[in-house]
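Let's take a walk through a protein model together. Have the sequence and the 3D view ready, and follow along helix by helix.

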Amino acid sequence: MPHADRLFRLAMWLERDRSAAEDLVQDTMMQALKSFHRYTPGTNCKAWLVAILHNLRSNRRRANRRMPLVEDADDRIAETLPFVPAVPVDITDEDFLIALRGIPEHHQNIILLCDVEELTYKEIATALKIPIGTVMSRLHRGRAMLRQQLASAGVFESSEGAG
Amino acid sequence: MSIECREVRQLAEAFVSEQLLVETTHAIVAHLERCPACRAEVAGLRRLRAAGRSAFTNAPDLAPRPEFLSTLTARLQTEATRQQPRP
């Protein structure tokens, strides 16, 4: 089944719970099947599935009142970044995942959709229902925070960076 | 078309994400050939992107259970058959 593995990995990261991730992916695929007539042939099918997944998830979070009232609070915190260190030479899978968990969720999502799932800025904006400018600014701040997390965790650029 | 370090740094993220027009991409590539500092910054951004892809593709904790995928496939097939209009 195309995209199911990738979609599950994304859901598992977001939900942090296997049972919740399985429910989310199953509901996403069932929803996609029901609304397949709305899919535009030739467009990115994975981006379309990601949009359905995020839409279902945000509806549930809103229903459970877990959605933060001020969505841009993370953005304001991120604006105070003082210094962006160089990207380390060697980043292990574990280094990356720990660092990613250390930044606000809005920024995690954008980095995952852009760098891991390789969606375009426009596809991300559509999936998350946010302006394309917000995608770009969150991506920029998210990467800067990720670099800080890696540096503060002791993942250094090189021998001179470690000194 | 000449492009300076400051512009390259501003466009570096969109460049590694392949979001720029061909002309701008060519101008950045030409700049990178003669500027080691910008080359290092772009290489760093590419490492970050590659690290993310590797971590997400390989992390065993994020992988779906094979039984989940097979059950899901079966459910979707049943649903697809049910949705097909009858002759």
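## A helix and its cover

Start with H2(A), whose buried residues are Ala21(A), Glu22(A), Leu24(A), Val25(A), Gln26(A), Thr28(A), Met29(A), Met30(A) and Ala32(A). Keep in mind that this is a predicted model.

What lies over those buried residues? The cover includes helix H1 (4-15) and helix H3 (45-63) of chain A, along with helix H4 (66-83) of chain B.

Now check the helix itself. H2 of chain A runs over residues 18-34, which makes 17 residues. From its first C-alpha to its last it reaches 24 Å, close to the 24 Å expected at 1.5 Å a residue. Look at the start of H2(A) too: there, a side-chain oxygen of Asp17(A) comes to within 3.2 Å of the backbone nitrogen of Ser19(A).

## Charged pairs

Side chains of opposite charge can pair when their charged atoms come close. How many salt bridges turn up over all chains? A search of the whole structure finds 16 salt bridges. Here are some of them:

| Salt bridge | N to O distance |
|---|---|
| Arg57(A) and Glu15(A) | 3.2 Å |
| Asp115(A) and Arg49(B) | 3.1 Å |
| Arg143(A) and Glu13(B) | 2.6 Å |

Take the pair Arg57(A) and Glu15(A), whose side chains meet in a salt bridge. Arg57(A) sits in helix H3 of chain A and Glu15(A) in helix H1 of chain A, so the pair ties together parts that are 42 residues apart in sequence. Arg57(A) is buried, at 5% relative accessible area, while Glu15(A) counts as partly exposed, at 22%.

Next, find the side chains of Asp115(A) and Arg49(B), which also meet in a salt bridge. This pair crosses between chains, going from helix H6 (residues 105-116) of chain A to helix H3 (residues 36-58) of chain B. Are its two ends buried or exposed? Asp115(A) counts as buried, at 3% relative accessibility, and Arg49(B) is buried as well, at 7%.

Then there's the salt bridge between Arg143(A) and Glu13(B). It crosses between chains too, from Arg143(A) in helix H8 (residues 132-152) of chain A to Glu13(B) in helix H1 (residues 5-16) of chain B. Arg143(A) has a relative accessible area of 2%, so it is buried. Glu13(B), at 13%, counts as buried. Salt bridges that share partners join Asp115(A), Glu118(A), Arg143(A), Glu13(B), Arg49(B) and Arg53(B) into one network.

## Another arginine

Go back to helix H1 of chain A and pick out Arg6(A). Arg6(A) is buried, with a relative accessible area of 18%, which puts it under the 20% cut-off. Which residues does Arg6(A) touch, leaving aside neighbours within four places in sequence? Its contacts are Val116(A) and Glu117(A), plus Phe56(B) and Thr57(B) from chain B.

## The largest pocket

Rolling a probe the size of a water molecule over the atoms shows where empty space is left. The largest pocket has a volume of about 530 Å³. It is lined by 20 residues, and the closest to its centre are Ala47(A), Trp48(A), Ala51(A), Ile52(A) and Thr126(A).

Where does the lining come from? H3 and helix H7 (121-128) of chain A each supply at least two residues of it. The largest share, seven residues, comes from H3(A).

How values were computed
Residues numbered from 1 in each chain as written. Chains lettered and ligands numbered in written order. Predicted model: local features only at pLDDT ≥ 70, side-chain atom pairs only at ≥ 80, totals over all residues. Heavy atoms only, no water. Helix = DSSP H or I, 4+ residues; strand = E, 2+ residues; numbered from the N terminus. Expected span 1.5 Å × (residues − 1). Buried < 20%, exposed > 50% of the residue type's maximum accessible area, 1.4 Å probe, protein only. Contact = heavy atoms within 4.5 Å. Polar contact = N/O pair within 3.5 Å; in protein donor to acceptor, adjacent residues only side chain to side chain. Salt bridge = Lys/Arg side-chain N within 4 Å of Asp/Glu carboxyl O. 1 Å grid on protein atoms, 1.4 Å probe; cavity = no way out; pocket = protein on both sides within 12 Å on 5 of 7 lines; lining within 4 Å. Points joined across faces, edges and corners; volume = space filled by probe spheres on them.
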